[in-house]
Amino acid sequence: DAEITQSPRHKITETGRQVTLACHQTWNHNNMFWYRQDLGHGLRLIHYSYGVQDTNKGEVSDGYSVSRSNTEDLPLTLESAASSQTSVYFCASSESGREETQYFGPGTRLLVL
Amino acid sequence: SQKIEQNSEALNIQEGKTATLTCNYTNYSPAYLQWYRQDPGRGPVFLLLIRENEKEKRKERLKVTFDTTLKQSLFHITASQPADSATYLCALDPSGGYNKLIFGAGTRLAVHP
């Protein structure tokens, strides 16, 4: 069965370190998204991609970057981790086109000390 | 400013009753709205989509309404069960069909036996 996976599931890091969160989907979806979820804020879009070599900034992109070298993967990099980036991160994918639903990964819980 | 609002307080109901969750939005004119379910420690899962020209959509014990004049969607679970306990998120696409969803913060539902 097709799926979307994230790794690691839990990560503890220190302020200033570079961190990369992996997202891999086997749906063969063109669209991929990264969100962060914090209490009281719901899901907020960080970056998204509509296909290979395409990346776009979302609502809360400062301090984050992504790259899309193939259809299956969209890694999220925190260039220099800050305590404000402690959060739960979700990756999602969808088909191209209108009214497509998003399929979410299980999430990565990141703690920045 | 653009906002999506859901009841921030948890909704507690007795098993067998109908749960009604509210999603209000301002300064959007979405062509459709989606509802997702999220269990603790997991990613959201798609439940229903309703278009702007549809007043109501049903799926088994779930019913969604969409009032574009009131800028409101209601999500109903009839004959609720403890297994329905979860957080329910509404989402809309302000990007004109590019599937870039904006999510509400969600409402936690607790169904008691």
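Let me begin with a definition: two strands are said to pair if DSSP finds at least two bridges between them, and the strands themselves are DSSP runs of E with at least two residues, numbered from the N terminus, just as helices are runs of H or I with at least four. What we have here is a predicted model, in which local features need pLDDT of at least 70 and side-chain atom pairs count only at pLDDT 80 or more, while totals for chains, interfaces and linings use all residues. Residues are numbered from 1 along each chain as its sequence is written, chains are lettered from A and ligands numbered from 1 in the order in which they are written, and side-chain values use heavy atoms, with hydrogens and water left out.

Strand β6 (residues 56-59) and strand β7 (residues 62-67) of chain B run antiparallel and are joined by four bridges, and R58(B) has K63(B) as its bridge partner in β7(B). The two strands form a hairpin with two residues between them, and in that turn E60(B) has a positive phi of about 55°. Most residues other than glycine have a negative phi, and most peptide bonds are trans.

If we follow chain B onward, we come to the loop between β7 and β8, where K71(B) is found. K71(B), which is not a glycine, also has a positive phi of about 55°, and its relative accessible area of 27% makes it partly exposed; here buried means under 20% relative accessible area, exposed over 50%, and partly exposed in between, with a 1.4 Å probe and protein chains only.

Beyond its neighbours within four places in sequence, H76(B) is in contact with several residues, including T18(B), R61(B), K63(B) and T65(B), contact meaning heavy atoms within 4.5 Å.

L49(B), in strand β5 (residues 45-51) of chain B, is buried as well, with a relative accessible area of 8%. Setting aside residues up to four places away in sequence, L49(B) touches E99(A) in the other chain, and among its contacts in chain B are Y32(B), L33(B) and K57(B).

Turning to chain A, a cis peptide bond with omega of about -5° joins S7(A) and P8(A), and P8(A) is found in the loop between β1 (4-7) and β2 (10-13). Another loop, between β3 (19-25) and β4 (31-38), contains N28(A), a residue other than glycine whose phi is near 65°, a positive value; N28(A) is exposed, with a relative accessible area of 55%.

Finally, D38(A) has its place in strand β4 of chain A and counts as buried at 16% relative accessibility. A polar contact of 2.8 Å joins its side chain to that of R36(A), and, not counting residues up to four places away in sequence, D38(A) touches R44(A), T86(A) and S87(A).

Notes. Polar contact = N/O pair within 3.5 Å; in protein donor to acceptor, adjacent residues only side chain to side chain.
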